[in-house]
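These are my notebook entries on one structure. I record each item that I looked up, in order.

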Amino acid sequence: MCPVAHLPEITADGGVLSLALSADLHRTVSSRYQYAVSVFVDIAPDESLADSPAAVVPSGRWRGRLTRAALPLLSVVVFFVVWQLIAASGIWNQTFVPNPGAVWHAFLDVSTTHDGVRGYAGYLLWEHLYMTLRRVFAGVVIGVVLGVLLGLVMGSVSWVRSVLEPWLTFLRALPPLAYFFLLVIWLGIDEAPKITLLALAALPPAAVATTAAVVAAPVGLQEAARALGASRRQVIRDVVVPSALPETFTGVRLAVGMAYSSVVAAELFNGLPGIGGLVKDASNYNNTPVVLVGIFAIGISGLVIDGLLRAVERRAVPWRGKI
Amino acid sequence: MKLKALFAVVAATLALAGCSVDRSADQPDKPTIRIGYQSFPSGDLIVKNNKWLEEALPNYNIKWTKFDSGADVNTAFIAKELDFGALGSSPVARGLSAPLNIPYKVAFVLDVAGDNEALVARNGSGINTIADLKGKRIGTPFASTAHYSLLAALNQNGLSAKDVQLVDLQPQAILAAWDRGDVDAAYSWLPTLDQLRKSGKDLITSRQLAKDGKPTLDLGAVRDEFADAHPDVVDTWRQQEARALTLIHDDPTAAAKAIAAEIGLSPDEVAGQLKQGVYLTPEQVASPEWLGAEGKPGNIAVNLQSASQFLADQKQIPSAASLQTFQDAIYTKGLPGAITQ
């Protein structure tokens, strides 16, 4: 799971990294039982660094970077060429496969004011996207905070886990569309049901990942810390949480993904302005170019958000994979 | 052992895939006619419930598929997955205009919206006339005939969509929002409409709008290729639809019973709904006011063109199609004799 782009940094100077790593751990782990820290560092294997082929040939690093940058670009170019060819071949009607030009034109129309019409349904594309991101942000923050707290409790107290796990699995199995109508009846048609839906979508992955991570926290480390005189609270704070954090972060990324993929469902009722509402409204009018603009907007912003989360993850849990 | 388990899984999957709960009993040796219907009360449901088409066309499989909106029916026509479809005049006007240009023809008028579609204001919202709606929140299912009628009603009173807050809601959601006070008015249809009327009052109904020249209709459309290849099937289909209209006029109780069985309401409720709609007689359908006669397409083309112009004014389509386009899209073959006998 270690992000590929991270490798060059490590390989540049393995020594500095291990120093940085232990410094980080010193910060997280209370200095009172720093021997436990040395346990961390001792069992952190250095093989992954030594094995890295990029470290051997410095010029290979650049070639590697170039390949990594060029390959996705190339795939995008191939995609557009194939798309244009399919559209130009005329096998399918424009409503099925509009050509890239038509989608670009729709993108411009939706992003600007033209002939006295402001964007789509009175809002510009960025305004639709902004409203959606705001809803997703609120929903994810609520869902992830609750989910991680729930996961911590469930992971540490086994009877709570037994009680809550079936409920969580029940919730996780439900497609948001199934219960969204109930949320509308209970909470109305404004922001409340949308944010609740997104929070409900984000909560289970965060909770499940955190629970699993807490349960999987190395018993050896916990016992060592306790042997060194750490209290139960200290063990949780300084051993369990740091070792659970990488997996929790994966859970957070999954949670954001789940919430993001529920956006169209959440904006099914009164979704304008909103990118999901835009996609739904345009499908009602069989307006394929605008639907595609919406899909690209959702997909690309999803990529950007995931990239940001990965960057945060690298900063926040550099010890991922090293415990 | 592992291989055996794999075989077992594959066999189980195949067995499950074969177990469909589809009871349409397709016979592979007969061609299939695919019909898209909606749950608004109309002759379509009577034909379906009484299996008149199946009886009249024993050499075909008839596959009925339910759709929730005209937009979905349009999508299915574009995908060439339907031969006949029931949809409102607003989706038809959109389908026949660019960029969709769906190759289908209007072959029947199922019903004309009357008091079964209406604009209702909630008691206590202080709205007594359409002009009072300025700045208020109004719920309606976007892209529907009700949406079209709402915009037409606002237009009549010198208001535009920008002067009010339009909210895209399906009828059930309108009811929820209404009870919570989230919307002040709604343009919707039965059966939700009757529930709204309990705590609100009509501002205008589609019957009035029809008199003012903005009728909304439910139409039966047939795919061009299919109509060219099987004109006899289209004739039979029109005869059965005409038979259903006659039943609605001659024996409304039997008609209500058949429709009730299809949409899960009581026959009494359906009978009430049938009274609020406008159901033409087969003679009226083939009159110049509606479909017209062979070679002389009726006034419905003008209605559709005006709906198309209206959609263009609302920026829902790039530009309106010509009257000629709509006249060409009326299936008048054999009219009026084909359905009045």
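I took helices (H or I, at least four residues) and strands (E, at least two) as DSSP runs, numbered from the N terminus. The model is predicted: local features need pLDDT of at least 70, side-chain atom pairs count only at pLDDT 80 or more, and totals for chains, interfaces and linings use all residues. Residues are numbered from 1 along each chain as its sequence is written, while chains are lettered from A and ligands numbered from 1 in the order in which they are written.

Entry 1, chain B overall. I found 17 helices and 12 strands in chain B. The radius of gyration (taken over C-alpha atoms) is compared with the globule rule, 2.2 Å times the number of residues to the power 0.38. For the 341 residues of chain B the rule gives 20 Å and the model has 22 Å, which is close, so chain B is as compact as a globular protein of that length. I noted that buried residues make up 51% of chain B; a residue is buried if 20 or more other C-beta atoms, placed from the backbone, lie within 10 Å of its own.

I read the bounds from an automatic or database domain assignment. Domain 1 covers 32-112 + 216-340, and domain 2 covers 117-211. Their C-alpha centres lie 26 Å apart. I counted residues as in contact if their C-beta atoms, placed from the backbone, lie within 7 Å. On this basis 15 residues of domain 1 of chain B are in contact with 13 residues of domain 2 of chain B. On the domain 1 side, α13(B) gives the most, with 3 residues.

How many residues of chain B are in contact with chain A? I found 19 residues of chain B in contact with 16 residues of chain A. The largest share of the chain B side, 4 residues, comes from α4(B).

I looked up helix α7 (residues 125-156) and helix α8 (residues 158-173) of chain A, which pack at about 125° with their axes 6 Å apart. Axes are lines fitted to C-alpha atoms, for helices over the stretch in contact, and angles run from 0 to 180 degrees between N-to-C directions. Angles under 35 degrees count as roughly parallel, over 145 as roughly antiparallel, 65 to 115 as roughly perpendicular and the rest as oblique. Therefore α7(A) is oblique to α8(A). Leu150(A), Val153(A) and Met154(A) of α7(A) meet Val160(A), Arg161(A) and Leu164(A) of α8(A).

Technical notes
Two residues are in contact if their C-beta atoms, placed from the backbone, lie within 7 Å. A residue is buried if 20 or more other C-beta atoms lie within 10 Å of its own, exposed if 12 or fewer, and partly exposed in between; C-beta atoms are placed from the backbone.
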